[in-house]
Amino acid sequence: MGDDEKVPGYEALIHAQEEAELNEPPGDWRVEDWLAFALFWALAAVVFTQFFSRYVLNDSIAWTEEIARYLLMVTAFIGAALAARRGTHIALELVLNMLPRGPRRWARLMLGVITVGFFAIAAWLCWSIAEAMMYQPMVVIDFPLGWVYWGVLAGMVMTAFRLAQASWIRFREGEPERVADPSEGARL
């Protein structure tokens with residue numbers, strides 16, 4: 001292989017990915033992006049308050065631990081919708097990538113339908129839990145625990161919607177003839 005045909009190494013691939021992310025179009029944020037952003041920073045503020053009160057003031061504020069836990073739960077489910085839209089959920093695609101283009105296209109659609117069905121059932125179950133927990137107060141503050149489950153439900157509904165949307169778009173676009181091997185060009 002000549003110098004002009006050099007395969008990029010791991011660091012070059014990482015830098016190329018970072019460069020591509022820097023050039024993403026601005027304003028491509030959706031509802032789940034803004035919610036995850038706001039929840040994350042609220043969580044950071046609560047955790048910082050907990051840290052400050054415990055280690056600097058030497059008197060821990062009781063509600064910060066519980067609220068941080070609930071904010072983390074809701075942030076995770078809202079973040080799942082964000083990952084579903086971007087197609088960045090972790091997946092084992094070994095068998096799918098070995099299939100020819102046509103069957104691979106239908107298999108991905110079938111997996112998308114199953115996944116959306118899972119999140120739809122989970123959202124339906126979460127609905128009943130959220131309603132039941134509206135009468136249960138949180139441990140430290142007198143606030144209905146059901147609001148936490150409504151946040152989880154919102155994340156599940158958004159995730160199901162974004163997965164359905166992404167599955168349909170990918171099905172309409174079709175599959176490439178050859179699936180790119182992410183390890184090609186990487187050096188150890």
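Reader: What pattern does the protein chain follow, read along the sequence?

Author: First, a heads-up: this is a predicted model, where local features need pLDDT of at least 70, side-chain atom pairs count only at pLDDT 80 or more, and totals for chains, interfaces and linings use all residues. Residues are numbered from 1 along each chain as its sequence is written, and side-chain values use heavy atoms, leaving out hydrogens and water. Helices (H or I, at least four residues) and strands (E, at least two) are DSSP runs, numbered from the N terminus. The chain has six helices and zero strands, and the pattern reads α-α-α-α-α-α.

Reader: Is Ser53 buried or exposed?

Author: Ser53 is found in helix H2, residues 31-56. Buried means under 20% relative accessible area, exposed over 50%, and partly exposed in between (1.4 Å probe, protein chains only). Ser53 has 1% relative accessibility, so this residue counts as buried.

Reader: What kind of aromatic pair do Phe51 and Tyr55 form?

Author: Rings of Phe, Tyr and Trp (its six-membered ring) pair if their centres lie within 6.5 Å; planes under 30 degrees apart are stacked, over 60 edge-to-face, and the rest tilted. That rule gives ten aromatic pairs. For Phe51 and Tyr55, it's 5.2 Å centre to centre with 50° between the planes, so the pair is tilted.

Reader: How many residues apart are Phe51 and Tyr55 in helix H2?

Author: Phe51 is partly exposed, at 46% relative accessible area, while Tyr55 is exposed, at 58%. About one helical turn separates them, because along helix H2 their spacing in residues is four.
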